[in-house]
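These are my notebook entries on a structure that I examined. I looked up its pockets, its ligands and one annotated stretch.

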Amino acid sequence: MTSRIDTLVILGAGGDLTSRLLLPGIASYLASRDAQSVEIIGVDREDFSAAQWHKRISTAFASAPSALGTRVADASSYLRGDATNPDDLARVLAAAKGRVALYFALPPAVAELACRALSTMTLPAGITLVLEKPFGTDLRSAAALNRLLQTMVPEKQIFRVDHFLGKSTVLNLIGLRFANRIFEPLFSRDNVEKVEIIADESLGLEHRAGYYDHAGALEDMIQSHLLLVLALAAMEPPASLDAEDLRGSMAQVLRATRPWRKNGTSSRRARYGAGSVDGRRMPAYIDEDGVDPRRKTETLAQVTLAIDNWRWEGVPFIVRSGKALAESRQEVIVTFKEVPHLPAGLTGVASPSRLRVSLKPATLDLDLVVNGEGDPFTLDQSILHAELGEAELSAYGEVLADVLEGSSVISVRGDVAEQCWRIVEPVMKAWSKDLVPLETYPAGSLGPSEW
Ligand SMILES: NC(=O)C1=CN([C@@H]2O[C@H](COP(=O)(O)OP(=O)(O)OC[C@H]3O[C@@H](n4cnc5c(N)ncnc54)[C@H](OP(=O)(O)O)[C@@H]3O)[C@@H](O)[C@H]2O)C=CC1
Ligand SMILES: O=C1O[C@H](COP(=O)(O)O)[C@@H](O)[C@H](O)[C@H]1O
């Protein structure tokens, strides 16, 4: 497919997302599509010179062919401006040629203000608005933002980014479930004991207090990324991978999802204290620059969810994410029920079978119980392991491919974004009323001892 966008305007071009993920994502996409280019206009409050901006682009394109980096840098420019100021926005839009995509690489509250400012202006025909997660700051604001956006452009011109949907390993869940007779018939309450969706990180705050201290682990990871992973792991088979079919299936299962205890207390939260990760000393979260201890921001969150439908009635979905933990892992673990009966005479550990889909690195493990090597009537555990291989495009490369080629398949639909907020809202309320204690764990540990 060829790019349908001529100019990509990045609001918040001086930020972490732009330099660490977005520009390398554009490089990854363009390197895979010969002879394509896009004009990039960076906008931020910072006063970058043209040379500094070119250097940023060249650094992000370091692993792409050098001619590509030079071509893109030469066709790019930087404008200093306030993304919430209509005059600055008008200046930016006047400089953008052809078909335009406007990428809000801004903190969520600023992105909302920028949308409000844009809603008072005449926008270029066909403009695509690209919004980052978290979309809004709660259910109310997400719904209000959706209503506002709908007055500005049609839904197909709104792209809500969640880069987990750009990970090939997340999208692998679709093929794994629906292209294998041995898995899909087992994915139901008849056979599944529980499903765990885990994103543990050894990284700490990484100087992101300005954003993270307002979000915390629940909003940063569970409300957005992990609920979308849950949707792919639990949804009914879509008729096709057309944007409406796929997102329709995701929306349907999310509408049936709620906290296990409806008041949100089937959840836990904790915050890291001082410790060491991989031999590196890490200060306590509350001692990190920019953190306000009065906010009680959690760095580890776990929520048990129920899905009220025929397939999943009574099966707990345990969703967890945290920072500054002993190891990094992103996994979907399906634990199957124990067999109803073992023939007398088979002894040993009959632990339940498990399917582990690791999102990072891309691997698949099936834990099975088999007759042991020694005494053939003693059971042993055996693991079938598969390496799934990495995708050609990075997660942001995949996101950019969809944005630039005008596809909505991995864009989070407005109602899906609202459902994700609805699901976590009882938990947010329970926490704000202190119905769930804020626990602590040493950085570099596995979390509070009994989790
Ligand atoms: N960083 C990451 O790993 C990821 C981030 N995201 C999302 O991306 C978005 C941006 O995050 P991130 O890059 O980390 O945040 P940063 O704070 O690093 O970057 C935001 C940039 O926007 C600038 N900015 C703020 N207000 C304005 C304004 N009014 N006009 C123009 N520029 C402004 C900031 O400038 P200043 O420094 O002066 O405030 C900063 O350069 C967030 O929604 C986040 O959730 C999503 C996935 C991963
Ligand atoms: O969006 C975010 O995701 C990253 C984890 O993403 P990954 O691609 O590195 O797996 C997380 O570290 C960050 O806090 C969050 O904002």
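Entry 1: I looked up the second largest pocket and found a volume of about 400 Å³. Of its 19 lining residues, those closest to the centre are Phe336, Lys337, Val339, Pro352 and Ser353. A pocket here is an open set of points on a 1 Å grid over the protein atoms alone, where a 1.4 Å probe fits, with protein on both sides within 12 Å along at least five of seven lines; lining residues have an atom within 4 Å of a point. The volume is the space filled by probe spheres set on the points, which are joined across faces, edges and corners. Strand 17 (residues 363-371) gives the largest share of this lining, three residues. Strands (E, at least two residues) and helices (H or I, at least four) are DSSP runs, numbered from the N terminus.

**Entry 2: the basis of the values.** I note that this is a predicted model, in which local features need pLDDT of at least 70 and side-chain atom pairs count only at pLDDT 80 or more, while totals for chains, interfaces and linings use all residues. Residues are numbered from 1 along each chain as its sequence is written, chains are lettered from A and ligands numbered from 1 in the order in which they are written, and side-chain values use heavy atoms, with hydrogens and water left out.

**Entry 3: ligand 1.** I found 24 residues around ligand 1, with Asp16, Leu17, Arg20, Arg45 and Lys133 the closest; a residue counts if one of its heavy atoms lies within 4 Å. I then listed polar contacts, which are pairs of N or O atoms within 3.5 Å. A nitrogen atom of ligand 1 is 2.7 Å from a side-chain N or O atom of aspartate 16. An oxygen atom of the ligand lies 2.6 Å from such an atom of arginine 45. The protein covers 82% of the 880 Å² of accessible area that ligand 1 has on its own (Shrake-Rupley method, 1.4 Å probe). Helix 1 gives the largest share of the shell, four residues.

**Entry 4: ligand 2.** Which residues are around ligand 2? Among them I noted Lys133, His163, Glu201, Arg208 and Gln330. Oxygen atoms of ligand 2 lie 2.5 Å from a side-chain N or O atom of glutamate 201 and 2.7 Å from a polar side-chain atom of glutamine 330. The protein covers 80% of the 390 Å² of accessible area that ligand 2 has on its own. Helix 8 (residues 209-234) gives the largest share of this shell, three residues.

Conventions:
A polar contact is a pair of N or O atoms within 3.5 Å; within protein, one must be able to donate a hydrogen and the other to accept it, and residues adjacent in sequence count only if both atoms are side-chain atoms.
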